[in-house]
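Hi there,

Here is the structure I promised to pass on. Could you open it and read my notes alongside?

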Amino acid sequence: MTERKQILEVKDLKVYYHTDRGSVRAVDGVSFNVQEGENFGIIGESGCGKSTMAMALLRLVVSPGMIEGGQIFLNGTDILTLDRELIRKIRWSQISFIPQGAMNSLNPVMRIGSQIADVITTHQGYQPEKVLRKRIQKLLSTVGLPHRVYRMYPHELSGGMKQRVCIAMAITLEPGIIIADEPTSALDVVVQRVVMQTLLDVQERLGAALVLIGHDMGIQAQVVNRQAVMYAGKIVEIGEVRAMYKNPLHPYTKLLIKSLPTLQLRHDFHGIPGLPPSLLDPPKGCAFSNRCPYVMERCREAMSKLVEIQPNHFVACHLHSEVIR
Amino acid sequence: MSVQKEVQTNILNQTQAPLLEVCNLTKVFGSGLLQRGQKVALENFYMSIQGSPPKIISIAGESGSGKTTLARIILGFLLPTQGEIRYQGKDLKMMDQKSWKIFRREVQAVFQDPYEVYNPFYPIDRVFEIVIQKFHLAKNRQESRRITEEALVVVGLRPDEILGKYPHQLSGGQRQRIMLARAFLLKPKLIIADEPVSMIDASMRAIILKIIMDLKDNFGISFLYITHDLSTAFQISDDIIVLYEGLVAESGDAEIVISSPKHPYVQLLVGSIPIPDPDQPWQGRVELPPEEELEKDTLRGCKFYRRCPYKMEICLKNPPPLYNIGADHLAACYLYK
């Protein structure tokens, strides 16, 4: 199998929020990489740090948040070393972002066409309206929207259509990688499917990589090839999606999958009792130890590193490190 | 029917009035000449909840289906355009003070957003205090505290971890459970739960769904569970009514309707549920015609016509009525004429 080039490499990324009561370690030493054209997923529940990490990838972290350490290599260059001007050039053109609730961030008093035009003219300079219109309408077709959306206002569109406008914006300058943070969370099941379909279509057409961040394991299973599970600011398991669903290694992943309602068995309730620890004062050892049914003494002392247990399947858990030894 | 039989039936009906009956409910939003700018949120909707034995009935649908409008009308927050809501045989619109107070106590609600329902300036204890005071549920502070603690235990929370805290100090799951405890405190007969777990993390949903089932099994409380998530509806419901654009598409036993849906829209809905198994992908592609999305659809017949893989000429003439396709299983589709 030919090795695909890496388009994104994140090394030991740390993002903390500095508050009066101390530093919240939202992202605490996260490493992963994404190949060109790959569908990569990051799954985690609220408060695990995934959205903060998405913002960090675009260098959109604002005070009181701060990138405390680590490196983010995009096409071989550590973007954490670049100045503001260069970062602005890179955003949209090399790496683009569909943030959570993007459809609600569309400017309500501007027509859709103008908003997309903004992205183009900011990066590529002035272009005559006729040229822009043709280009944007073509773009709208690629996301399944009719040409007349060009002249419409956001409030005239449904949720699914607005989200597809956001996808169109994200691919306008044909970036090599798209970061999508919960792109379908407020949408109905059928619309969600249409939007994900669209996202996959455009990604394939562009040959771009997609990093899909979310909490819905169902969507992730349908869309990504490889996936990382995040818990309390750290990655606890990474692997190919099939391997992870058939044979989850980390207790959190196992319990999370078990808690999902299926259409096979009724009255089957297996939630995970307890709560994730406060990230203001994270525990010494493994952050999952207070809820883990397999917890051992060593878990409370120190957290295990990510270890490759099976080919391309990594897990940070003493249960498995023990076996290796 | 002979006169005698009629009288007998009437007596029977009176003593066994359903707990909640929604009759010919229609709600139209917006005014305007020539029906422009009007949205028919619900059309001629009928539903009957017996109350005994307690049941969990799901109202499932997507946005625009009318499910939230239905919840609001049942709770008395919105007036119907036509039709009535009867609680234990009495029309809500014509209730006296006494009956209304009973209704307000016996029919409780839990809403979707566990963040906005709390006043952030007060500890959460206040939500219990207000209710205890208003309905005279306790004679003194000790009793008030005792019944509050009991309610918290019923929903699996530890009173010493919860009482005295402010909303921002608690998680979404804890806040939602507190709302269930508050509803439970009033010993209701029916709880209207509008998307109670959709803003809750996956790992906590199962816990809250189990609480809902326990409240039904152990305390005889019926639930009207309103959701767009068919997987959770499948887990806990006895019966299900699937709404599409203000009309009932299919209704019946939840297990049967969801595992083998008969209405083409419900089939699409069930087929679009993302299964957390990469070996069970979505089958085929789905297209959404922009006219339908933009609500400028002006078709006269079945509202699902544009997307239906089985469309026929008869579908364009008039919206299909509900056909009986099994034991209490109804589907509004000409395929079953």
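This is a predicted model: local features need pLDDT of at least 70, side-chain atom pairs count only at pLDDT 80 or more; totals for chains, interfaces and linings use all residues.

Residues are numbered from 1 along each chain as its sequence is written, with chains lettered from A and ligands numbered from 1 in the order in which they are written.

Let me start with the contact between the chains. Chain A contributes 41 residues and chain B 38 residues; two residues are in contact if their C-beta atoms, placed from the backbone, lie within 7 Å. On the chain A side, the elements giving two or more residues are H5 (159-171), H6 (189-206), H7 (217-223), H8 (241-246) and H9 (251-259). Helices here are DSSP runs (H or I, at least four residues), numbered from the N terminus. H6(A) gives the most, with 6 residues. By class, that side of chain A has 22 nonpolar, 12 polar and 7 charged residues (Ala, Val, Leu, Ile, Met, Phe, Trp, Tyr, Cys and Pro count as nonpolar, Asp, Glu, Lys and Arg as charged, and the others, Gly among them, as polar).

Next, a helix pair in chain B. The axes of H4(B) (residues 125-134) and H7(B) (residues 172-185) come within 10 Å and cross at roughly 15°; axes are lines fitted to C-alpha atoms, for helices over the stretch in contact, and angles run from 0 to 180 degrees between N-to-C directions. That makes the two helices roughly parallel (angles under 35 degrees). B:Val127, B:Phe128 and B:Val131 of H4(B) meet B:Ile178, B:Arg182 and B:Leu185 of H7(B), a set with 5 nonpolar, no polar and 1 charged.

Which residues of H4(B) are buried? They are B:Val127, B:Phe128 and B:Ile132, where buried means that 20 or more other C-beta atoms, placed from the backbone, lie within 10 Å of the residue's own, and exposed means 12 or fewer. These buried residues pack against H5 (141-154) and H7 of chain B. The face turned away from them carries the exposed B:Gln133 and B:Lys134. After H4(B) comes B:His136, with a positive phi near 50°.

Finally, H2(B) (residues 67-74) has 6 of its 8 residues buried, so it is largely enclosed by the rest of the structure. Among the buried ones are B:Lys67 and B:Thr69. Just after H2(B), B:Gly76 has a positive phi of about 80°.

Best wishes

Note on methods
Angles under 35 degrees count as roughly parallel, over 145 as roughly antiparallel, 65 to 115 as roughly perpendicular and the rest as oblique.
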